[in-house]
Amino acid sequence: MRWIRKNLVGAIAVLVLIYLFIPIAVVIAFSFNQPDSKFNLSWNEFSLDAWSQLCGVPGVCSSFLTSVQIGLITTLIATVLGTMIAFALVRYRFRGRTSTNLLIFMPMATPEVVMGSSLLALFLNLRFPLGTVTVMIAHVMFIISFVVVAVKARLQGMDPRLEEAARDLYAGPAATFRHVTFPLVLPGIVGAALLGFSLSFDDFIISFFNAGTLVTFPIYIWGAAQRGIPPQVNALASLVFIAALAIVLGAQLVSWRRRRALASR
Amino acid sequence: MAPVLPVASVAPAPLEGQKRSSRSVYLLLIPGLAWLAVFFVIPLLTLFMTSLQKESATKPGTYVFGIQVSNYVDALSEYWPQFVRSFVYAGLATLIALVIAYPLAYFIAFKAGSWRSLMLVLVVAPSFASFLLRTYAWKTILADEGPVTSTLNALHLLPDGRVLNTGIAVVAGLTYTFLPFMILPLYASLDRMDYRLIEAGGDLYASPVKVFSRVTWPLSMPGVVAGTLLTFIPAAGDFINAELLGSAKDRMIGNVIQTNFIEFRDYPTASALSFVLMAAILILVFGYIRRSGTEDLV
Amino acid sequence: MSQGGGPAKSDRRIEDLRLVSLTKQFGDHRAVDDLTITIPAGSFFALLGPSGCGKTTTLRMVAGLEEPTRGQVFIGEQDITRLRAFQRPVNTVFQSYALFPHLDVFENIAFGLRRRRVGNIDASVTQMLELVELGTLARRKPAQLSGGQQQRVAVARALINEPEVLLLDEPLGALDLKLRRQMQIELKRIQSEVGTTFVHVTHDQEEAMTMADTVAVMNAGRIEQLGHPADVYETPRTVFVANFLGQSNLIVGTRSSSGEMLEVLAHGVPFRMPESRNVAPGGGVVVGVRPEKMTVLDLADEQRIPTGHNSLRGTVTDVSYTGVSTQYLVETAWGQEVIAFEQNSIVGDRCAVGDPVVLHWAPEHTFGLDPAEGLSAGIDPSVLELESEVDA
């Protein structure tokens with residue numbers, strides 16, 4: 001009984017973590033299911049069909065590819081724009097800081113329904129055709145804020161003396177940036193880019209409003225939810241999950257190993 | 001006689017606390033901010049304009065520019081139950097999320113030691129899998145014949161005999177979806193706290209409950225507020241959970257906006273509803289800013 | 001566009017560093033106030049003062065990391081005031097070392113050479129690594145080094161560029177005592193080997209005095225006194241210097257006679273000192289003497305005081321034995337507490353609390369200061385709060 005009291009917080013913590021992963025487990029498990037009806041909702045029998053014929057169902061792979069392409073382009077643009085803003089906020093003094101902070105924050109605080117529908121209203125009023133371009137515009141719009149937050153955090157953590165040291169050692173402004181600032185801020189930028197990509201890839205609501213006839217992976221899933229989601233979707237999503245998890249755990253492993261190396265000087 | 005300094009697009013960092021003042025800062029700011037201005041701010045204005053449009057006399061079913069404020073009155077009088085329901089569901093989900101998330105955040109911040117980074121990865125990891133699929137997975141987990149529902153039924157906890165297609169499922173889904181958004185700000189706030197304050201509290205107050213209520217909880221307030229905002233706001237506007245896990249009785253304002261926009265093409269009504277939702281949230285956010293300023297937002 | 005700065009290396013003759021009317025204003029606060037000094041070429045110069053006195057700001061202005069509000073910086077005849085930091089033949093060893101965390105030791109040291117596109121980098125860096133005895137650690141990252149090792153990398157990284165002036169901003173502050181002593185000797189050795197002008201900023205007076213050829217004591221943006229460590233210590237010219245450097249007993253009095261020997265009367269007690277050791281302009285004179293110059297005698301032995309010595313009677317209020325010496329607190333007739341240090345070289349009884357004693361010292365060890373400054377300048381404020389105010 002005392003053991004429970006002492007470790008209550010820990011026990012709850014572990015339970016919550018498990019809770020977070022239950023749906024993931026279901027998603028992955030059901031990629032190995034052979035559904036007896038169109039709706040992959042109850043377990044029927046084990047099958048590797050979905051994995052062996054990943055693109056067997058029409059629309060699955062094409063929507064997946066679409067999402068990847070959009071994700072890459074969107075991430076590139078948003079990361080560049082967001083990084084520039086982060087530098088401006090951290091390194092410069094300027095009028096209109098408050099408005100800038102507010103403008104950056106608002107998209108993170110606005111419900112996706114409102115952002116999606118308002119953009120749709122704009123495109124409709126301008127009679128701008130809905131499709132890839134509108135989806136990409138929308139994605140860049142809401143990803144910029146996240147990039148700013150991520151890069152800003154990294155920049156603020158950087159010792160300003162390092163750049164002074166560079167200047168002291170004969171590095172002009174461009175050389176200082178190239179050899180000191182950029183390498184040190186790069187991990188933050190990469191992290192922001194990864195975050196941006198996952199936000200774009202997984203976005204549904206805003207894309208749904210602005211895609212017109214374009215089908216991204218989440219839009220495909222939504223449509224399929226009414227008709228029955230094929231297990232191939234589960235398989236692809238599991239792949240993405242595992243890949244992303246591998247990248248993040250890999251990064252953790254690298255920094256953990258680095259810390260071990262430091263400890264044993 | 002001021003020296004002419006070379007202006008680079010990214011100037012070297014000045015001393016901490018002193019920021020550089022230069023024209024080139026606008027070069028950095030304008031592209032990104034312009035994008036936001038054009039594709040975030042202006043659409044909101046467009047939304048407002050659309051909400052005031054009236055039905056075209058010549059082509060019924062389409063809308064033209066007008067100032068029909070009655071759109072708002074009509075929309076609200078028809079859909080106020082969904083509004084209320086949205087805030088209730090989102091509020092419940094936020095509260096439950098807070099209760100569940102706090103112990104986890106506390107554990108990671110103070111008790112996890114070297115496991116901390118791994119645990120944070122585990123908190124964020126589920127977000128790597130499509131959230132539509134994860135929500136859909138709850139349909140399986142909470143199925144009528146499934147283990148969860150059967151157990152709850154055996155304990156006579158369910159008034160309707162089912163979980164799926166009720167408000168319970170929707171709230172549960174909302175809680176699950178936005179849980180990481182509550183955990184991370186809480187963790188960040190707790191992590192910043194000096195643990196010795198809690199130890200000092202343990203010294204002064206006899207019971208752990210008192211230490212929590214007098215020391216830990218008040219100091220973690222910024223995290224609590226941030227987490228609450230980041231959870232409540234998207235939850236209030238969500239329609240996925242209601243669509244997949246609820247019945248027609250559980251429709252939230254997000255569903256209404258979506259169907260009005262996409263199916264009915266009743267743009268004025270949908271826009272009006274959107275705008276009211278946005279306004280309600282803006283009030284919340286400004287309340288927060290008045291207390292804490294904007295520097296910590298971003 | 002050339003990315004590298006750096007001086008022309010045509011002549012290696014080291015020049016004097018001159019600061020002319022150097023001033024730095026931060027809003028209302030004047031950090032450096034009209035500073036004019038010449039730091040001789042090849043010397044080890046210490047800028048000493050409490051935190052906030054402007055010494056670091058001065059250093060940064062010489063490095064080019066801070067722009068002066070007014071004034072100029074010269075190396076020899078060359079005015080470098082308008083040059084950016086990366087264009088000056090000056091390098092800095094930072095307080096926190098500021099080693100580049102993403103580069104290894106080798107690349108850190110090579111950084112300046114690479115920016116200046118100097119040839120033969122490998123050989124130069126290897127040589128420098130040997131000079132600071134870090135040869136085996138060339139490929140480690142800064143995070144894998146101890147504090148002392150990091151410090152040596154910082155010094156190597158700066159020195160390898162053969163600057164006209166090397167600036168050191170409290171570089172030994174983060175090291176523990178033993179290591180600090182070691183590094184002080186190291187730095188002194190390196191400086192005499194290399195011959196570069198070193199400007200060392202510190203708040204540690206012992207460090208300044210042991211390492212430097214010239215010490216400048218700085219207070220509130222101004223230089224109070226500048227000179228050889230022994231001169232500044234033995235003959236302080238201001239109350240600040242008397243209190244900041246070591247400790248001093250200060251007694252307020254009035255001039256009572258002049259000539260080669262000045263006589264001052266304080267509370268009825270006469271004190272004599274050579275006129276040359278007095279800087280008080282008018283009739284009021286603060287008589288000063290350092291505690292270690294005083295000898296403590298039982299009052300009964302008063303006649304043993306050598307002729308010409310200054311003497312002061314009092315009662316012992318505290319005795320502290322510190323191994324090397326014994327510190328006495330003696331209360332004078334008028335209630336002022338005076339400190340005296342005696343080396344424990346006498347075998348026999350020390351005085352005890354309550355004993356009536358007489359303190360004596362040579363007039364050549366006395367100095368005279370301007371009373372206008374007050375008596376507490378240079379004393380750590382937190383110490384002042386604990387001590388009782390001295391009647392000024």
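Two residues are taken to be in contact if their C-beta atoms, placed from the backbone, lie within 7 Å. On that basis, in this predicted model, 66% of the contacts in chain B between residues at least 6 apart in sequence join residues that are at least 24 apart. Chain B has 298 residues, of which 43% count as buried. Its secondary structure comes to 12 helices and two strands, and, read along the sequence, these elements follow the pattern α-β-β-α-α-α-α-α-α-α-α-α-α-α.

Chain C, in turn, contains nine helices and 20 strands. Of the 392 residues in chain C, 41% are buried, and of the contacts in this chain with a separation of 6 or more, 67% are accounted for by residues 24 or more positions apart. Taken along the principal axes, the box filled by the C-alpha atoms of chain C has dimensions of roughly 80 × 45 × 35 Å.

The contact between chain A and chain B takes 81 residues from chain A and 80 residues from chain B. On the side of chain A that touches chain B, the largest share is contributed by helix α2 of chain A (residues 8-29), which supplies 13 residues. By residue class, this side of chain A divides into 60 nonpolar, 14 polar and seven charged residues.

A pair of helices, one from each of these two chains, can be described in further detail. Two packed helices are described by the angle between their axes and the distance between the axes. The crossing in which α4(A) passes α1(B) is left-handed. On the side of α4(A), the contact is made by A:L81, A:G82, A:M84, A:I85, A:F87 and A:A88, while α1(B) contributes B:V25, B:L28, B:L29, B:P31, B:G32, B:L33 and B:W35. The residues of this contact divide into 11 nonpolar and two polar, with no charged residue; the glycines A:G82 and B:G32 are among those that make the contact, and glycine is counted as polar in this classification.

Conventions. Residues numbered from 1 in each chain as written. Chains lettered and ligands numbered in written order. Predicted model: local features only at pLDDT ≥ 70, side-chain atom pairs only at ≥ 80, totals over all residues. Helix = DSSP H or I, 4+ residues; strand = E, 2+ residues; numbered from the N terminus. Buried ≥ 20, exposed ≤ 12 C-beta atoms within 10 Å, placed from the backbone. Left-handed = near helix turned anticlockwise from the far one by under 90°.
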